[in-house]
Amino acid sequence: MADEKSAIKGKKGRTPEEASIDPAAQQMLALADERGIGTAFSRADQMSPCTIGSAGLCCDLCGMGPCRITKDGMTGVCGATVDTIQTRNFIRAVAAGSAAHSDHGRDMAFTLKAVANGETEGYEIRDVAKLHSVASIYDIPIEDRTPEEIANDLADLYIAQFGQQRGAIVPTERAPEKRKKLWKEQGVIPRGIDREVVEALHRTHMGDDQDPIHILQHAVRTSLADGWGGSMIGTDVSDILFGTPAPLLGEANLGVLKDDMVNVVVHGHEPTLSQMVVAASQDPEIIEYAKAAGAKGINLSGICCTANEILMRQGIPAAGNFLQQELAILTGAVEAMVVDVQCIMQALVTLSENFHTKIITTSPKVKLKGATHIEFDEKHALTIAKNILKEAIDNYANRGEVNIPDYKNTLVPGFSHEYINYMLGGSYRSSFRPLNDAIMSGRIRGVAALVGCTNPRVQHDAYHVAITEELLKQDVLVVQTGCSAIANAKLGFLLGDAGIDRVGPGLREVCETIGIPPVLHMGSCVDNTRILTVLTQMVEEGGLGDDIDEVPAVGLAPEWMSEKALAIATYCVASGAYVIMGGPNPVAGRGDKIPESTQVAEYMSSGWEEIYGGKLEFVDDPSEMIKRTLDHIDKKRAALGLPEYDATKFGKSGDARVQEIEALPLEERQAALYGKRAAG
Ligand code: NFS
């Protein structure tokens, strides 16, 4: 634990204010500093990223290396060129990201199968309407059949997508016609989810595929197996089993922890575990058990995408995003942090040794040395969830000093594509027409999907918030998932009233008319597929072109860190979107000591744009990200023949206008309201 002394103000360390814009995070970082406890922030300060590796210039695929390409014209021992090395590294990251999302989707499909066959404890099919609508897409008969019979068929179909060897995975059928045709021509329709991931690994084994463009073509196919495969399956099944999200009231930030209750934080990704912990926490027996331990009850909260899953379905508060997992433990108030898969820092265990917090791993795939392992099994899900909570309650007596920051904000999450469709027209006229019309008229300039992680290499939450603020002013509707959504939730953007005065006049009118926040929280990272569905439905509604690449929309992941983010970025590009990622480009040479190989970076931008209409770019500076976003939106508006965006054209209706009128002197107010000429 030598480096436990390395707090945030280390040699090159940033102050808490420089490390995060979130006051709750700042408070915890100051505490870590005081106590000499290391966090991801201080570790990032002490370890500069490897400039060779971060530019994709290091090849460690065989035992002749690792080879580092540090000069122009250099190759690896085998002769591999810079472009080959960079694209091989890139596709491996895409494969790992796609594998993570898709394995999550597979587990969801297995759970659906088990629920359909009565083999689980505590689960049920909550959303029969969604089951029917998904089954109908694939012509699974629904008439005169029980939900279980339909779910069994759907589960079989979905499970088969992973091991399928030939043909096309079925969720790709849901893309716009023109897009499917393009994918077919390019030969990138995934044949089977597992097959594409395996082939990505095979192709990048020593001595296989060494043509950068050919490698990238398969990167596209692998990523599509994620976005229009594993992730889409994950979202569908989560909705069927746990309910399709609709707006509700939630809270976010470390202030959701309670000093007089047993705090259990669920962290990770798969809703199978977290949903059952939610159910168990409401069990009278468990509540009594907590009271007997001297607590007022159980207070559940989430971190990362698990937080999003239970926030948007049950309104369970989010304690924070990725970089707040350690900070939650630093409060001293967490009895147990229950984790499943993905985005879980190994540092949690060492950190928790300074406190009473128990780290409980639950997935058969993920163990952390030093953590308590209580393996989750859907057959005994509720019993296991109760046992986990009992462990946490038993730990309440060991709690020491507590420092819960007094910061939290309310938000309205739960904007599934089904709900967006409904909210725009109600039950009888649900449609995307009003949204398309608002974009076509210029009330809404365009749409930005702001997604992805937080990363200690940049000021925590700062880019998410700065970009959102500016885009809203520019009348761009912002949709969000993942840790980015939590970043903005903490600042109050995801609640209508709090965010509305910071929104451009046209967008404001739309938000006021429909009664929505200017930033729509659409779920976890797996739910980025909801954004694909929304874009497809906007295309099908008409008026915004006949393919996704024609819609004035941009995707941004300004603080990304995970390989999953690269998989998401690639499938979004292949679906026609312009994607802007923050941070250094993992396929570009950097600086003067390292060759400036921009061939791959250029291909992912202009090359992919020529083929797919979407492109991938890495941009360091948030103002440049905003500029490119607006330029792209305006370019797409012009290509569709839509009126040029004009900030002064709208804003003379809705609440803003009412307030303006109310502030007028009586006679002018009458004139404005009744059309009478002001006297005199
Ligand atoms: Ni996405 Fe969710 Fe967060 Fe990043 Fe991790 S939680 S799947 S990878 S860090 S947004």
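Student: Where does Asp 144 lie?

Tutor: Asp 144 lies in the loop between α6 (128–137) and α7 (147–163); helices (H or I, at least four residues) and strands (E, at least two) are DSSP runs, numbered from the N terminus. Residues are numbered from 1 along each chain as its sequence is written. This is a predicted model, where local features need pLDDT of at least 70 and side-chain atom pairs count only at pLDDT 80 or more, while totals for chains, interfaces and linings use all residues, and side-chain values use heavy atoms, with hydrogens and water left out.

Student: What about phi of Asp 144?

Tutor: Phi of Asp 144 is near 55 degrees, a positive value in a residue other than glycine.

Student: Is Asp 144 buried or exposed?

Tutor: Asp 144 is exposed, at 81% relative accessible area. Buried means under 20%, exposed over 50%, and partly exposed in between (1.4 Å probe, protein chains only).

Student: And Cys 304, buried or exposed?

Tutor: Cys 304 is buried, with a relative accessible area of 1%. Cys 304 sits in helix α13 (residues 304–314), and has a positive phi of about 65 degrees although it is not a glycine.

Student: Which peptide bond is cis?

Tutor: The one from Gly 65 to Pro 66 is cis, with omega near 0 degrees. Pro 66 is in the loop between β1 (58–59) and β2 (67–68).

Student: Switching to domains. How is the chain divided?

Tutor: Into domain 1 (2–54), domain 2 (82–242), domain 3 (250–398) and domain 4 (419–583 + 620–649). The bounds come from an automatic or database domain assignment.

Student: How many residues are in contact between domain 1 and domain 4?

Tutor: 14 residues of domain 1 are in contact with nine residues of domain 4, contact meaning heavy atoms within 4.5 Å. The two domains bury about 870 Å² between them, 56% of it on carbon and sulfur atoms. Buried area is the accessible area (1.4 Å probe) that two parts lose on being put together, summed over both.

Student: Which three residues of domain 1 supply 50% of the area it buries there?

Tutor: Ile 21, Asp 22 and Ala 44, more than any other three residues.

Student: How many salt bridges between domain 1 and domain 4?

Tutor: The count is one. Asp 22 pairs with Lys 490, the closest N and O atoms being 2.9 Å apart. A salt bridge is a side-chain nitrogen of Lys or Arg within 4 Å of a carboxyl oxygen of Asp or Glu.

Student: How many salt bridges in the structure?

Tutor: The structure holds 50. One of the pairs is Asp 103 with Arg 106 (2.8 Å, N to O). These two residues are three apart in helix α5 (residues 82–116), so they are separated by about one helical turn. Asp 103 is partly exposed at 23% relative accessible area, and Arg 106 is partly exposed at 21%.

Student: What ties together parts 372 residues apart in sequence?

Tutor: Glu 550 forms a salt bridge with Lys 178, the closest N and O atoms being 3.6 Å apart. Glu 550 lies in the loop between α23 (528–541) and β14 (553–557), and Lys 178 in helix α8 (residues 177–186), so the pair ties together parts that are 372 residues apart in sequence.

Student: Which residues are linked in a network of salt bridges?

Tutor: Lys 130, Asp 239, Glu 309, Arg 313, Glu 418, Asp 527 and Arg 530.
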